[in-house]
Amino acid sequence: MSIVSSVGHSLSVFIPSFSISLLLPSACASVVYCLYREVTKLGYIIEAVFIDRDGTIGGDCSIIYPGKFKLYPFTKQAIKLLKSLNVKVFAFTNQPGISRGESTVNEFEKELLEFGFEKAYICPHTHEEQCSCRKSSSELFVKASNEYDIDLTKCAMIGDRWSDMLAGANAGTKKILVMTGAGNESLGKYRNKWADIEPDYIAKNVLDAVLWLLSSRKIT
Ligand SMILES: [Mg+2]
Ligand SMILES: [Zn+2]
């Protein structure tokens, strides 16, 4: 009961903001609310969601540095929706351009915090540096888990690449593949790189991913 009442306040904010800003019928928002309430009654609550940057929240398959990077029109809603339910929202991104001197950790952090993320977990290294923090490693998940005292089995990773899915699998989070960015390639020519892993859900985009996460009956 404490879990239900602890989200009760947030949900009262969630319903109007969700239904108005997405221009969906209020009945639709009510369905999401009811499903979420059922899940929380069962004792499950999502503690944090890790979201990839390039091709997941905006941009495309290329690297677009802070200043020129544009969010997809639905991304802020997805982030807001999670935050209104007290779910921590982290960015998790590989940015090898930092190591090559093309941008800085500070520029990425500033951008991602402005987008609404609680914190940005960034690997600044190139593949050749063979660091331990680059996705598909789970090292930065573990760091977040220690910093925020979160249970990674109650978290999700949303991304467009095989390395996002592998990172989620290595950390024990739910894995949601989005079909924006490199989503098609991940299911096509790169499927062999994560052949042993099934995504928990294949989403049209990050907002679809978040709505599925909040309404899914599969989460245990
Ligand atoms: Mg990506
Ligand atoms: Zn690294």
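**Around helix α7**

Trainee: Why is helix α7 (residues 162–171) described as largely enclosed by the rest of the structure?

Mentor: Let's start with the word buried: 20 or more other C-beta atoms lie within 10 Å of the residue's own, with C-beta atoms placed from the backbone, while exposed takes 12 or fewer and partly exposed is in between. Helix α7 is largely enclosed because, of its ten residues, the number buried is eight.

Mentor: Before we go on, this is a predicted model, where local features need pLDDT of at least 70, side-chain atom pairs count only at pLDDT 80 or more, and totals for chains, interfaces and linings use all residues. Residues are numbered from 1 along each chain as its sequence is written, and chains are lettered from A and ligands numbered from 1 in the order in which they are written.

Trainee: How many residues of β4 are buried?

Mentor: Look at both sides of the strand: Cys-155, Met-157 and Gly-159 point one way, Ala-156 and Ile-158 point the other way, and all are buried. So β4 is mostly covered, and the count of buried residues is five of five.

Trainee: Which residue in β5 is the bridge partner of Met-157?

Mentor: Strands pair if DSSP finds at least two bridges between them. β4 and β5 have four, in the parallel sense. Four bridges also join β1 (residues 48–51) to β4, again parallel. For Met-157, the partner in β5 is Lys-175.

Trainee: Is the unit made by β4, α7 and β5 right-handed or left-handed?

Mentor: Picture the strands pointing away from you: if the path from the first strand over the helix to the second runs clockwise, the crossover is right-handed. The β-α-β unit of β4, α7 and β5 is right-handed.

Trainee: Is Gln-130 buried or exposed?

Mentor: Gln-130 lies in the loop between β3 and α6, and its phi is positive, near 50 degrees, in a residue other than glycine. With 8 C-beta neighbours inside 10 Å, Gln-130 counts as exposed.

Trainee: Which peptide bond is cis?

Mentor: Go to the loop between β3 (119–123) and α6 (139–148), where Ser-136 is found. With omega near 25 degrees, the cis bond runs from Lys-135 to Ser-136.

Terms used. Helix = DSSP H or I, 4+ residues; strand = E, 2+ residues; numbered from the N terminus.
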